[in-house]
Amino acid sequence: MSSPVFLSASAQFPSQVAAFLLKDRKERPVDLGDTMVIVPTAGAARAVRRELARQAGGVLAPVFRLPMQALLGDADNTATPLERAAAWLRVLREARREKIAALVPPAVKLSQPEDWLGVSSRLASVCDALAEAGLHPGSPELTAHAPHDAQRWKEFSALHDAYLKTLRRGGREDANAMRLRLAQDGTAPAGIARIIVALVPDLPVLVSQWLEKISAAGLPVDIVSWSCGDDNARFDHWARPDPDWWLTHSINVPDTVIAAENDSALEAEALVNFVAARGNEAFSLVSADADSTAALEAEITKRGNIAYLPEGRPLNRTQAATILSGWVEFSRGHHLPAIRPLLQLPAFLRFFAGKTGFLPEDAAAACDVLIASKLCRTLDSAKEWSAGNKSPREEDDVPRKFIAALEKLLGEKLSGRDVLGAVYGTEEEADERTVEELETLVEAIDESSPLLDDLSPEWREALVKISVAQSRVFHPAPEGAVQISGWLEAPWTDAPVLCVAGCREGALPAGATEDAFLPDKLRAKIGLTDNNSRYARDAYLLSCLLQRHGPSDLRLGYSRFRSGGEPNRPSRLLLGCPDEDLPARVEKVFQPSPARRRVHAPFPDWKLRLDPPARVDSIRATGFKHYLECPLRFYLGQVRGLQPFDPEAREIGAADYGTLLHRVVENLHKCGPADSTEDKVIAEFLGKELDRIAAQRFGRNPPPVVLVQIESMRQRLRRLAVLQAAQRRAGWAIVESEHAVKKDAGLTIGPLALVGTMDRVEVHEEEGLRILDYKTFAGAKTPEETHFGRARADDDFPECAITRTNKAGRPVEKAWIDLQLPLYRHIAAKIWPEHARKTIGVGYILLPGDPDDTQIALLSLEEDAQESAVRCAAAVADRVARGVFWPPASAPDYDDFSAWFGGEHPAEIFDAETIELLEGRP
């Protein structure tokens, strides 16, 4: 076999491969049907096909194969992935656990189908990896290099033998076993007279062993690769870069090609801006990291274009697969979070309403109440809540009816296949893509095989779910779509401008987490790709790209943080530069950039539009805080009633926690021993009320974490009982509890009616009136801390400014950030005028996480401070009455609408008309 041929890096690689294939072929049309070309990716095959057509016109294309596909013959008895999974599952379930204790330790619980299938999939993936090195679990090389794992490999080998026998009994053969046999025998592919390996820098050992044998038998085998521009670079006989050489020779990456940004969204924006600035020049976008791929896709979509992923999309992310997996999970375990996403799909919602008669517009909301408010994770826990909640409250009627609808639907005992047929059988609007996805799913569900036929419906559905998770759907590229390719596609692009996203450690160079079966050191010893060989491969490919694309035509994108906030490490390859430049390079890739707004063009095709703001005629005393924090979010939450929903809620949220406690203490005055001076009597009443109201809210058997929270609340109530008894002995008497001030009370602030609910109003014969608000902060925050903040840097609310005195007695410029307590004082002076000339105290009853910090904390309000608060409130009320809900705060402390805005500044997602309305313009 001849030595590798290294083609010029200054020319397009696909065109050079096509020319190599056509060399000395004078006939027309050219017939390359007897040639096999082994390529690293499907995109590489497409690129060579295009070049062959361009250079030779009519041509019978060669046979293209990925490396491990080349060793798989045309036998029709090869086991499908679903059959392989079924065979592994069978032998694993039939094995005695004590016989495979080293392979599957007793600590690994195998109770649900997913548990068994998870282990089965893991064993199958190890076999796939071993096959690349020409090995199987019984190969002696494994115990020779890892003698400490001899027992585990022995058990694995016995299980593998049983797996192969199971396949044979079903008339199937394992693909890896077939590959190993063909390589061992040196069997040449039928009808192939020549094989070319085109730029496969990590050719598996098994494939090279096979090619060695068929080459020795007389079949021509050529290795074609790309020159990296360094004559000293070292490669083996198969053009695989030598790790020892590449690890000690740094490549020089120009500083100007690095686009380092704080997050993947800004990285995507910078790369797309770069290609957009090049006008009509052809460009290629490549991504080495899934996070960066998603960000590029989002950025392209924002600009009104269509993003296309030639590597396909996971089948389990399609709508049809979502319905299938969601229904299978719900029907098996009755988990409400499993069906919740389905209630957002119009196709499923129509099916659900048609089967149950439940109003489709109420379904998602009812499910949200059960999950996030009642903390019911399953239908059974929801039924327990319904049975234990005898409250006649109207807001509980819809969740109860929803529970009945779910029971009715489950009563039909529909399989996943039945549901898909019912959903799409009547879905006339299903587009061509949905139909293709559905057909792929149905093929997996309906696959017939002796290995599958005797499985129970439960196990078969679990197998199908695993199969769907491992499958991808491929669609033709829409016209004008912007393609985002994977890293290994980069050498095969013919575009003069190239952007590579995701240049972080672990993605470029690609890295693998430590494997319990095949640790990195063992991989190197047995001939598998390890971290060093991955580094060598990617360093080599980047060197080639630097030769092909000049600094003005190449950008390497890197984001310092991932979308979830986790820090990234820059690729080691980005640090390739002269030693004297290394400090500046390190600072560039590690030092976060100053915060900046994105500057890409606004959405051209779609903007968020809101209806004209509803006229507001009242405002709650607690609402001013939200307006001062952000007028826009006040409008969305307080005026339009939009509330966040946590589908993963497993504990009582802060708002619900406070509501529950308020309901308990409200009854202390209304029907309890509020006048008692005995803390034990008060504590006993509060404890019973807590149990009663909690049972109404969460049922008789709430989740364990809720029980812990209820006990935490009980501790707070015991401390409240001590405080209450002491206050009663001191002469304070509760006269009102949860005192509601409604619009018809005639109280106003500016042009709006002022409304609110005062938790507790109490009087003292000598000290007058006092209004207290219960607060369940995690820590004890005083009214001073919650009502006054730093002076505002903007001029939007000059009425917020106020001067306070600090602990040292010095004046400090502050700003109102909450007006609740001074407005309660304002209300009290109107409702109880007899106390207006006396002292009206306002403050908190603090019930924090540490019960020892339970206390009454009053807010010191001199007359000028009270007047300042009323002026500020009047200014806010005037803006609200005029419909002014702009400008938005850029970064509030707590943002319930962060997912809504998608990381963008609100000014970029609303249309101009909506912004004008929110600014209060007529």
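These legends go with a set of close-up views of a predicted model.

Local features are described where pLDDT is at least 70 and side-chain atom pairs where it is 80 or more, while totals for chains, interfaces and linings use all residues. Residues are numbered from 1 along each chain as its sequence is written, and side-chain values use heavy atoms, with hydrogens and water left out.

**View 1. The whole chain, to get your bearings.** The chain has 35 helices and 25 strands; these are DSSP runs numbered from the N terminus, with helices being H or I of at least four residues and strands being E of at least two. Along the principal axes, the C-alpha atoms fill a box of roughly 110 × 60 × 60 Å. Of the 922 residues, 50% count as buried. Here buried means under 20% relative accessible area, exposed means over 50%, and partly exposed is in between, using a 1.4 Å probe and protein chains only.

View 2. A pair of aromatic rings is described by the distance of the centres and the angle of the planes. Rings of Phe, Tyr and Trp (its six-membered ring) pair if their centres lie within 6.5 Å; planes under 30 degrees apart are stacked, over 60 edge-to-face, and the rest tilted. By this rule the model has 26 aromatic pairs. In the pair shown here, Trp246 and Tyr540 sit 6.0 Å apart, centre to centre, with 65 degrees between the planes. Trp246 belongs to helix H10 (residues 243–246) and Tyr540 to helix H24 (residues 531–548), so the pair ties together parts that are 294 residues apart in sequence. Both Trp246 and Tyr540 are buried. Look around them for the cluster that ring pairs build from Phe6, Phe235, Trp245, Trp246 and Tyr540.

**View 3. The stacked rings of Phe634 and Phe885****.** The ring centres of Phe634 and Phe885 are 6.3 Å apart and the planes stand at 20 degrees, so this pair is stacked. Phe634 is in helix H27 (residues 631–639), and Phe885 is in the loop between helix H33 (863–881) and helix H34 (898–901), 251 residues apart. Both Phe634 and Phe885 are buried.

**View 4. Two charges over rings.** A charge sits over a ring if NZ of Lys or CZ of Arg is within 6 Å of the ring centre and within 35 degrees of the ring normal. The charged end of Arg152 sits over the ring of Phe517, 4.8 Å from its centre. Lys781 lies over the face of Phe777, at 4.6 Å from the ring centre.

**View 5. An open sheet of six strands****.** The strand order is E8-E15-E14-E9-E13-E10, with parallel pairing; two strands pair if DSSP finds at least two bridges between them. Strand E8 (258–263) and strand E10 (307–308) stand at the edges with a single partner strand each, so one side of each has no neighbour in the sheet. E8 pairs with strand E15 (residues 554–561) in the parallel sense over five bridges. To find your place along these two strands, spot Ala259, which stands opposite Gly557 in E15.

**View 6. The salt bridge of Arg172 and Glu83****.** Side chains of opposite charge can pair when their charged atoms come close. A salt bridge is a side-chain nitrogen of Lys or Arg within 4 Å of a carboxyl oxygen of Asp or Glu, and by this rule the count comes to 41. Arg172 and Glu83 meet at 3.0 Å, N to O. Arg172 lies in the loop between helix H7 (150–169) and helix H8 (175–185), and Glu83 in helix H4 (residues 81–94), 89 residues apart. Arg172 is partly exposed at 22% relative accessibility, whereas Glu83 is buried at 1%.

**View 7. The salt bridge of Asp289 and Arg504****.** The closest N and O atoms of Asp289 and Arg504 are 2.9 Å apart. The pair links distant parts of the chain: Asp289 is in the loop between strand E9 (283–287) and helix H12 (290–302), and Arg504 is in the loop between strand E14 (497–501) and helix H23 (520–526), 215 residues apart. Asp289 counts as buried at 6% relative accessibility, and Arg504 counts as buried at 15%.
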